[in-house]
Amino acid sequence: MRIVVKVGTSTLAHATGRLNIRHVEGLVKVLSDLKNAGHEVILVSSGAIGMGVGKLNLPGKPADMPTKQAAAAVGQCELMYTYDKLFAQYNHTVAQMLLTSEDIDHADRRRNFENTMARLLELGALPVINENDTVATAEIKVGDNDTLGAIVACSIGADLLVLLSDIEGLYTADPRKDPDARLIPVVESVTPEIAALAGGKGSGLATGGMETKLRAAGMVTAAGCDMVITNGEHPERLYDILEGKAVGTRFLGEKGTPSSSSSC
C-alpha cells in the first residue's frame with residue numbers, strides 16, 4: 001500500500017514545545033517497520049513552529065509573522081535532524097520537501113512535485129513533507145497540514161491517509177465537554193451533518209482541528225482514498241489500521257474512483 005501519515009504538533013511535542021521523545025521514537029519505529037514490510041510511506045509532519053518555540057525558549061506560540069517564521073526556521077532544522085537520526089537507525093533514508101500553496105496551484109510546479117515524489121518512492125526514500133512556514137504568508141499558505149496531507153495523498157494516488165491527532169477520532173459531540181459523546185467508527189460520506197460535528201482546535205501550539213480533518217476527508221474520499229483519524233499516542237495502531245481493523249474513525253473512499261491529483 002501507499003500510505004500518507006500526517007502527524008500533528010500535539011503528538012510530536014510537549015506543551016513546552018520540546019520534543020516528545022517517546023511519541024516520536026515510537027512513530028519512527030512503526031513507520032520503518034511498515035516500509036520493511038514493503039509499503040510506501042510518506043510522512044506529513046507538523047511541528048516546526050512548535051519545536052522552534054521550545055528551542056528558542058519562547059513563552060508560547062508567537063503572534064507576529066516574522067517570529068513565527070523564525071521559529072519555523074529553527075524548528076524545521078531540529079525536526080529533520082531528529083527524523084534523519086532516528087530513521088537512519090533502521091536503515092531508512094529521509095527526504096525533506098517543503099511546500100507552499102503556489103507549489104500546488106501552479107501546474108508546472110505541481111507536476112515537478114509529483115515527479116520528485118514518484119522518484120523518491122522509486123529510490124526507496126521516505127519523504128517528510130511540511131508546509132514551508134519560513135516563507136509562507138497568508139496569500140501562499142496551504143493553511144494546515146491536514147489539508148496538505150490530503151493534497152499529497154491525492155497527488156500521489158495514495159491508498160490511505162492517516163491523521164495522527166490528540167483525539168481518538170470523530171465523536172458525536174466534543175468528548176472533552178460531553179461525557180456522553182460516542183466515537184463514530186465509520187463514515188461512509190462526509191455529509192453536512194457530519195461536517196457539523198467539527199469543533200475547535202486542540203493544543204495551543206496546533207493549527208488544525210476537526211474542521212480541517214473533515215475537509216481533508218472530503219477531499220481524499222472523493223478521490224477514492226480511505227482516511228483514518230486516530231490518536232497519535234499509539235502509533236502501533238497503524239498495524240491494525242492497515243489490516244482493516246476498527247481503529248479511530250475510518251472515512252471510506254468513494255468506490256470506483258481512482259485516486260488522482262485532479263480530484264484535489
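# Exercises on a predicted model

Leu197 lies in the loop between helix 8 and helix 9. Helices (H or I, at least four residues) and strands (E, at least two) are DSSP runs, numbered from the N terminus. This is a predicted model, in which local features need pLDDT of at least 70, side-chain atom pairs count only at pLDDT 80 or more, and totals for chains, interfaces and linings use all residues. Residues are numbered from 1 along each chain as its sequence is written, and side-chain values use heavy atoms, with hydrogens and water left out.

**Exercise 1.** Classify Leu197 by its relative accessibility, then list what Leu197 touches.

Solution. 
- Step 1: recall the classes. Buried means under 20% relative accessible area, exposed over 50%, partly exposed in between (1.4 Å probe, protein chains only).
- Step 2: apply them. Leu197 has 27% relative accessibility, so Leu197 counts as partly exposed.
- Step 3: find the contacts (heavy atoms within 4.5 Å). Setting aside residues up to four places away in sequence, Leu197 touches Leu170, Tyr171, Thr172 and Ile184.
- Step 4: check a distance. Leu197 and Val220 are 23 residues apart along the chain, and their C-alpha atoms are separated by 19 Å.

**Exercise 2.** Is Tyr171 buried or exposed?

Solution. 
- Step 1: locate Tyr171. It sits in the loop between strand 5 and strand 6.
- Step 2: classify it. Tyr171 counts as buried because its relative accessibility is 15%.
- Step 3: list its partners. Neighbours within four places aside, Tyr171 is in contact with Ala181, Arg182, Leu183, Ile184 and Leu197.
- Step 4: look further along the chain. Gly248 is 77 residues away from Tyr171, yet their C-alpha atoms are separated by 9.7 Å.

**Exercise 3.** Which elements do the buried residues of helix 9 pack against?

Solution. 
- Step 1: find the buried residues. Among them are Met210, Leu214, Ala217 and Val220.
- Step 2: name the elements. These are helix 7 (145-155), strand 5, helix 8 (192-195), strand 7 and strand 8 (249-251).
- Step 3: see what comes next. Gly224 follows helix 9, with a positive phi near 85°.

**Exercise 4.** How do helix 3 and helix 4 lie relative to each other?

Solution. 
- Step 1: read the geometry. Helix 3 (residues 48-55) and helix 4 (residues 65-88) pack at about 95°, with their axes 6 Å apart. Axes are lines fitted to C-alpha atoms, for helices over the stretch in contact, and angles run from 0 to 180 degrees between N-to-C directions.
- Step 2: classify the angle. The two helices are therefore roughly perpendicular (65 to 115 degrees; under 35 is roughly parallel, over 145 roughly antiparallel, the rest oblique).
- Step 3: name contact residues. They include Ile49 and Val53 of helix 3, and Ala72 and Leu79 of helix 4.
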